[in-house]
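Subject: Structure handover and findings

Hello,

Here is the structure you will be taking over. Please open it first, then read my notes below.

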Amino acid sequence: MKKLIIVLALLLLVPAYALGVEINQSVVSTQTNLRELMEDTLSQMQRLLAGVIYQNTYEAGQAAIAIAAHPLPASGAPKAGVGYFIAPEHRLAVLKALPTFKDAVHGPALELDAAAKKGDWDLALQKFHDILNGCNACHKVAKPLTIDNVILERNKDEISKMKKTIVK
Ligand code: HEC
């Protein structure tokens, strides 16, 4: 009986382990949008950092692959792509630069996975910084060109004038 329970437990564990290896992320849905994807990426970065600073090969590898092979936002879903957030006059330029920005994140994520597998934690930490720089590079370009920020910038004089009308 004991043996049977052990065998059954193993049978249950094996697929769970296999699933854990294959499914990297929680937000795969036909309506996943870019912001949800970004928020998940941020969680993966946290997991990655935990893995690297605590030298956990499995955790670091899972998170690195989850970042390198993240699901794409559902095509056609509202707010799915980067272009949705960018002002029309800047959209083409940002979309053209996308492959470079993506490589700057996905490349070091794969290298981090390899470094973690070799147990080279100094290199893994370096790669973590490289990924962060990759996130930052895209945000630095994209953020001022978002529709919201372009409109705010265009109307900044009017906004500051309105703020001065507040009666104290
Ligand atoms: C290809 C460009 C690009 C890259 C690379 C990128 N992001 Fe983003 N990110 C965006 C855009 C566009 C937005 C949405 C801007 C907006 O909300 O106006 C965004 C938004 C976010 C947000 C805010 C989400 C919210 O709820 O508003 C977080 C957090 C974030 N990104 C994290 C990351 C992290 C972590 C990485 C790197 C692992 C990363 N991003 C890499 C383009 C990028």
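Two points on conventions. This is a predicted model: local features need pLDDT of at least 70, side-chain atom pairs count only at pLDDT 80 or more, and totals for chains, interfaces and linings use all residues. Residues are numbered from 1 along each chain as its sequence is written.

Overall fold

The chain has eight helices and zero strands. Helices (H or I, at least four residues) and strands (E, at least two) are DSSP runs, numbered from the N terminus. In order from the N terminus, the elements read α-α-α-α-α-α-α-α. The chain has 168 residues, and 18% of them count as buried. Buried means that 20 or more other C-beta atoms lie within 10 Å of the residue's own; exposed means 12 or fewer, partly exposed is in between, and C-beta atoms are placed from the backbone. Take the contacts in the chain with a separation of 6 or more: 67% of them join residues 24 or more positions apart. Two residues are in contact if their C-beta atoms, placed from the backbone, lie within 7 Å.

The ligand

The ligand is surrounded by 21 residues. A residue belongs here if its C-beta atom, placed from the backbone, lies within 6 Å of the molecule. Met38, Phe101, Cys135, Cys138 and Thr146 are the closest. Four helices each supply at least two residues of the shell: H2 (34–53), H4 (82–85), H5 (88–118) and H6 (121–142). H2 gives the most, with seven residues. By class, the shell has 14 nonpolar, four polar and three charged residues. Here Ala, Val, Leu, Ile, Met, Phe, Trp, Tyr, Cys and Pro count as nonpolar, Asp, Glu, Lys and Arg as charged, and the others, Gly among them, as polar.

The nonpolar core

The largest nonpolar core has 16 residues. Such a core is a set of buried Ala, Val, Leu, Ile, Met, Phe, Trp, Tyr and Cys residues joined through C-beta atoms within 7 Å. Leu48, Ala60, Ala64, Ile67, Ala109, Leu112 and Ala124 have the most contacts inside this core. H2, H3 (57–68), H5 and H6 each supply at least two of its residues. H3 gives the most, with six. Ala64 touches Leu48, Ala109, Leu112, Asp113 and Ala116, not counting residues up to four places away in sequence.

Helix H2

H2 has 20 residues, which should span 28 Å at 1.5 Å a residue; its end C-alpha atoms are 28 Å apart, which agrees. The expected span is 1.5 Å times one less than the number of residues. Which residues of H2 are buried? They are Leu37, Asp40, Thr41, Gln44, Leu48, Gly51 and Val52. They cover an arc of only 120° around the axis, so they sit on the same side of H2. The arc is that of the directions from the helix axis to the C-beta atoms. The buried residues of H2 pack against H3, H5 and H6. The face turned away from that side carries exposed Arg35, Glu39, Leu42 and Gln46.

Helix H6

H6 has 22 residues and reaches 32 Å from its first C-alpha to its last, close to the 32 Å expected at 1.5 Å a residue. Its buried residues are Ala124, Lys127, Phe128, Ile131 and Gly134. Their arc is only 115° around the axis, which puts them on the same side of H6. They pack against H2, H3 and H5. Asp122, His129, Asn136 and Lys140 are exposed on the other side of H6.

Lys127 is in H6. Lys127 counts as buried because it has 25 C-beta neighbours inside 10 Å. Not counting residues up to four places away in sequence, Lys127 touches Pro108, Glu111, Leu112 and Ala115.

Gln55 lies in the loop between H2 and H3. Gln55 is not a glycine, yet has a positive phi of about 50°. Gln55 is exposed, with 12 other C-beta atoms within 10 Å.

Asp103 lies in H5. Asp103 counts as exposed, with 11 C-beta neighbours inside 10 Å. Asp103 and Ile131 are 28 residues apart along the chain, and their C-alpha atoms are separated by 9.7 Å.

Best regards
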